[in-house]
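Work through the exercises below with the sequence and the coordinates open. Try each task before you read its solution.

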Amino acid sequence: MTTGKINVSVENIFPLIKKFLYSDHEIFLRELVSNATDATLKLKHLTSIGEAKVAYGNPIIEVKIDKEGKKLHLIDQGIGMTAEEVEKYINQVAFSGAEEFLEKYKDSAKDSGIIGHFGLGFYSAFMVAEKVEIITKSYKDEPAAHWTCDGSPEFTLVPHDKTDRGTEIILHIAEDSLEFLEEFKIRELLTKYNKFMPVPIKFGTRKEALPKPEDAGDDYKTEYIDVDNIINNPTPAWTKQPVDLTDEDYKNFYRELYPMQFDEPLFNIHLNVDYPFNLTGILYFPKLDANLQVQKDKIQLYQNQVFVTDNVEGIVPEFLVMLRGVIDSPDIPLNVSRSYLQADGNVKKISNYITRKVADKLKSLFNENREDFESKWNDIKIVLEYGMLSEPKFYEKAGDFVLYPTVDGKYYTLAELKEAITANQTDKNGKLVVLYASNKDAQHSYIEIAREKGYEVLLLDSPIVSHLIQKLESDNENLTFTRVDSDHIDKLIQKEDTQISKLSEEESTQLKTVLEEIVPKTNYTVQLEAMDSQAAPFMITQPEFMRRMKEMSQTGGGGMFGMGNFPEMYNLVVNTNSDLATTILNTPDKSTQESLVKQALDLAKISQGLLKGEELTAFVKRSFELIK
């Protein structure tokens, strides 16, 4: 038997790095700036524990473009390297210096903020450069070193006369990557990936006006000086404690995250946990339209202040991906490119934590200022209702703050609602009947009938309400939800003073026969009901079950809850105590009888928004004939 070690050939690995290491070549800048940040934070840690006998000072990272020379420079004032360390950390591909550093100083470096454990990060430079140079001087009293490699297995390592501490990386940009010599492109990438890095990043200079001297005359011309243009915010709001931030600080940070977003967030949730994993962040509730087609990818994921992705599905519960903000965690597992989540127990723990934290915050807002919470309900309800359907842990807590508004502008929790309707809204089986409208204007006449009888009618108009009430009914056996136009109110709710029909049983049978000969059987089922004589003579309703299933089939366009198509079936409810019912029954002329039924049916259709096209044209023509 033969044993040994497999050696990776550098000849083979460089082409692989250039082509496959990262899905997007622009990542090289993020990796190199991250490495420079690591080098700076390592020095900060070593000086803080007294191991590095140098002044830390106020180091920055500088990015410079030499367009004429086709070079890009990245310069830091960090820990630097000796020639021996260059041999160890650069020439041995994938040997991670940050990993070794953390292992050596693991007890004292827990909170040092050091980013790295990605040994291949430096080699991302070869995706855009045909040659890379490193000029570096260690904080130790040793000579500087100059390393050069053109992407082949060959490199040179010689002494250099650099005297100041830190590292400069020079990328000789390849012909197929010249876009990375454009100022706008580098600024765009630094803003995207390094906007909140913990070390100041300089990119170019900007003009700053000098103060006007007190003795300056009217002809004084403002003088300007060049100052370093720092393009990042090293101490973003999420790295601070909530007690140190004001409401205005949170709003300013929101504007910093979304400079092109002009609406104000409704409220924010500050995340901060250090056990059993590390996670910080700020989530904002924006104003949302009452639909599911909202813009996602607005939450940004960072790892130690390095931007990773704005696709946070899996980390953030699905119902919260419609929010905005930042999450930062060193415990989220990533592959070598820092860009894709791997299956890991921490991810689910983080998702559960965020769910719990959001629920606790909502309960707190509800308890502290219910009136303000109610005023924001329409802007946040779609997120919360979706959360109740998709996250069992959120559903468990939702009863404390999820609201059910009425058409009159009152708001109930579910417990309050049950108490409010107990007295007079029960069906023949003793269940509480929750009446609701999904469109206040379209169902106005039905709402008015219910209100006249003293019933509460909820306004539940989100696109997922059918799914939500299905769940509420399954968890509350004595509760049934019915839309106000699903059947006549007197049939839905058990009353002692039920109406008696003016028509005899024989007359009712005759009337039903007449109606069924005229009303299309394919879409309508004729029902005779003895109602108040003032109630509408003809009403169209849709069976609650059929209508609800149809709505559920349409939600999400057949995607999220798609269940296929359901037929259009309605009930035509005819009030036997109306004068019109008696007139139809006693009209001997079949043609006149048919006109009366069609006119009444069309009027009922109009009240439900069902009269369209040719039918509407015929109705208008017939109406003018009747007037004439």
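**Exercise 1. Which residues of helix 6 are buried, and what do they pack against?**

Step 1. Helix 6 spans residues 247-257, and its buried residues are Y250, F253, Y254 and L257. Buried means under 20% relative accessible area, with a 1.4 Å probe and protein chains only. Helices are DSSP runs of H or I with at least four residues, strands are runs of E with at least two, and both are numbered from the N terminus.

Step 2. Look down the axis of helix 6: the buried residues fall within an arc of 105°, so they line one face of the helix. The arc is taken over the directions from the helix axis to the C-beta atoms. An α-helix has 3.6 residues a turn, so residues three or four places apart point the same way.

Step 3. The buried residues of helix 6 pack against strand 9 (267-273), strand 10 (279-285), strand 11 (299-303) and strand 13 (324-328). Contact means heavy atoms within 4.5 Å.

The model is predicted: local features need pLDDT of at least 70, side-chain atom pairs count only at pLDDT 80 or more, and totals for chains, interfaces and linings use all residues. Residues are numbered from 1 along each chain as its sequence is written, and side-chain values use heavy atoms, without hydrogens and water.

**Exercise 2. In what order do the five strands form the open sheet?**

Step 1. The order is 9-10-13-11-12, with mixed pairing. Two strands pair if DSSP finds at least two bridges between them.

Step 2. Strand 9 and strand 12 (306-309) are the edge strands, each pairing on one side only.

Step 3. Start at strand 9. Seven bridges join it to strand 10, and the two run antiparallel. L271 has G281 as its bridge partner in strand 10. A hairpin of five residues links strand 9 to strand 10.

Step 4. Move on to strand 10. Six of its seven residues are buried. Five bridges join strand 10 to strand 13, again antiparallel. Here I282 stands opposite V326.

Step 5. Finish with strand 11 and strand 12: they pair antiparallel over three bridges. L301 stands opposite T309 in strand 12.

**Exercise 3. At what angle do helix 17 and helix 18 pack?**

Step 1. Helix 17 (residues 579-586) and helix 18 (residues 590-607) pack at about 150°, with axes 9 Å apart. Axes are lines fitted to C-alpha atoms, for helices over the stretch in contact; angles run from 0 to 180 degrees between N-to-C directions.

Step 2. The two helices are therefore roughly antiparallel, a class for angles over 145 degrees.

Step 3. The contact involves L580, T583, I584 and L585 of helix 17, and Q593, L596, V597 and A600 of helix 18.

Note on methods: Buried means under 20% relative accessible area, exposed over 50%, partly exposed in between (1.4 Å probe, protein chains only). Angles under 35 degrees count as roughly parallel, over 145 as roughly antiparallel, 65 to 115 as roughly perpendicular and the rest as oblique.
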